Amino acid sequence: MTGSSTPAGQSHSAHSHSAQPASVVRPDGPWTHREVAANGARFHIAEVGDGPLVLLLHGFPQFWWTWRHQLTALADAGFRAVAMDLRGVGGSDRTPRGYDPANLALDITGVIRSLGEPDAALVGHDLGGYLAWTAAVMRPKLVRRLAVTSMPHPRRWRSAMLTDVRQTRAGSYIWGFQRPWIPERQLTADDGALVAELIREWSGPNPPDDKVLRTYRSAMCIPSTAHCSIEPYRWMVRSMARPDGLQFNRRMKRPLRVPTLHLHGSLDPVMRIRSAAGSGEYVEAPYRWRLFDGLGHFPHEEDPAAFSTELINWLKDPEPDR
């Protein structure tokens with residue numbers, strides 16, 4: 001499906017981004033929107049500020065805009081804050097393939113290089129966190145620091161999903177993604193109603209309001225986005241017993257040697273605390289674990305001030321040893 005014969009905007013081709021409703025994925029704000037080329041595709045970024053690069057990676061079912069509060073907080077704190085849309089989402093290219101974590105991690109490190117920076121502090125949420133862990137293992141020289149929220153180390157994720165019945169149940173939506181076509185239809189039905197439902201269900205007592213949820217719903221309804229958003233999860237499950245998946249799991253055994261901040265909401269219903277805790281065994285560097293009491297799966301949106309403060313204090317700490 002290269003998209004040559006499909007109507008404009010429904011193509012999977014490298015140029016389908018031109019057909020997207022720009023207002024949804026490029027809202028006005030203190031940031032600048034642009035595109036950078038990396039790893040054979042084009043990626044939409046929003047950036048603000050000057051200083052050391054902090055690259056923010058969104059999770060499912062969102063796009064770069066989930067970091068709007070942190071972008072401005074980081075810029076005010078003296079950082080060059082950049083939030084990117086992952087491959088297949090928001091304003092980035094929707095390619096027919098390339099949704100395995102190794103390739104998605106190379107997208108991220110390619111963007112760091114394209115931004116002309118020697119390295120970046122990576123901040124990842126959910127799937128973006130999984131990819132941040134992966135990028136730090138695969139290209140350690142390009143990752144200065146690592147901050148992950150709501151996602152265990154990929155090896156912890158795999159073992160929890162396979163051996164912890166309660167985590168298997170909590171992540172049931174990921175098993176549901178393994179069916180062809182149906183999940184895509186469910187995500188886009190009724191103008192993306194399911195997207196709002198999931199974000200509400202996965203949040204703590206302060207979920208994003210309807211206006212915010214409408215933005216995420218609209219972004220998911222851009223042609224091909226639902227399919228591209230689900231593909232990484234299909235790989236994560238289907239590859240478990242395949243040579244490529246086993247090889248990836250072996251590769252992720254390599255210890256991380258970058259200072260790591262691991263954040264988690266105490267009420268996260270889809271990623272249990274028990275699954276995430278213990279990821280420090282893969283970090284041979286300062287590792288700090290921080291639990292946000294009373295927050296769910298989206299701590300950076302549920303309590304942006306607390307999250308940004310924690311992140312910035314850690315980024316500025318010359319010896320983040322605790």
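P61 is placed in the loop between β3 (53-57) and α2 (68-76), where helices (H or I, at least four residues) and strands (E, at least two) are DSSP runs numbered from the N terminus. The peptide bond joining F60 and P61 is cis, with omega of about 0 degrees.

The model is predicted: local features need pLDDT of at least 70, side-chain atom pairs count only at pLDDT 80 or more, and totals for chains, interfaces and linings use all residues. Residues are numbered from 1 along each chain as its sequence is written, and side-chain values use heavy atoms, with hydrogens and water left out.

N39 belongs to the loop between β1 (32-38) and β2 (41-48), whereas D190 is part of helix α8 (residues 182-202).

**Accessibility**

The classes used here are buried (under 20% relative accessible area), exposed (over 50%) and partly exposed (in between), with a 1.4 Å probe and protein chains only.

| Residue | Relative accessible area | Class |
|---|---|---|
| T95 | 9% | buried |
| T168 | 24% | partly exposed |
| N39 | 33% | partly exposed |
| R254 | 41% | partly exposed |
| D190 | 59% | exposed |

T168 lies in helix α6 (residues 165-170). In sequence T168 and P208 are 40 residues apart, and their C-alpha atoms are 26 Å apart in space.

**Polar and charged side chains**

T95 sits in the loop between β4 (80-84) and α3 (101-114). Its side chain makes a polar contact with the side chain of R87 at 2.9 Å; such a contact is a pair of N or O atoms within 3.5 Å, and within protein one must be able to donate a hydrogen and the other to accept it, while residues adjacent in sequence count only if both atoms are side-chain atoms.

D268 is located in the loop between β7 and α12 (273-276). What is the nearest side chain of opposite charge to D268? It is R272, 9.5 Å away, and the buried D268 has no salt bridge (a side-chain nitrogen of Lys or Arg within 4 Å of a carboxyl oxygen of Asp or Glu). A polar atom of the D268 side chain does lie 3.0 Å from the backbone nitrogen of M271.

R113, R139, R251 and R254 form a positive surface patch. Patches consist of residues with over 30% relative accessible area and no salt bridge, like charges being joined within 9 Å and nonpolar side chains (Val, Leu, Ile, Met, Phe, Trp, Tyr) within 5 Å. R254 itself is in the loop between α11 (243-251) and β7 (260-265).

Note on methods: Accessible areas come from the Shrake-Rupley method with a 1.4 Å probe; for residues, only the protein chains shown count as cover. Lys and Arg count as positive and Asp and Glu as negative; His and the chain ends are not counted. The place of a charge is taken as NZ of Lys, CZ of Arg, CG of Asp or CD of Glu.
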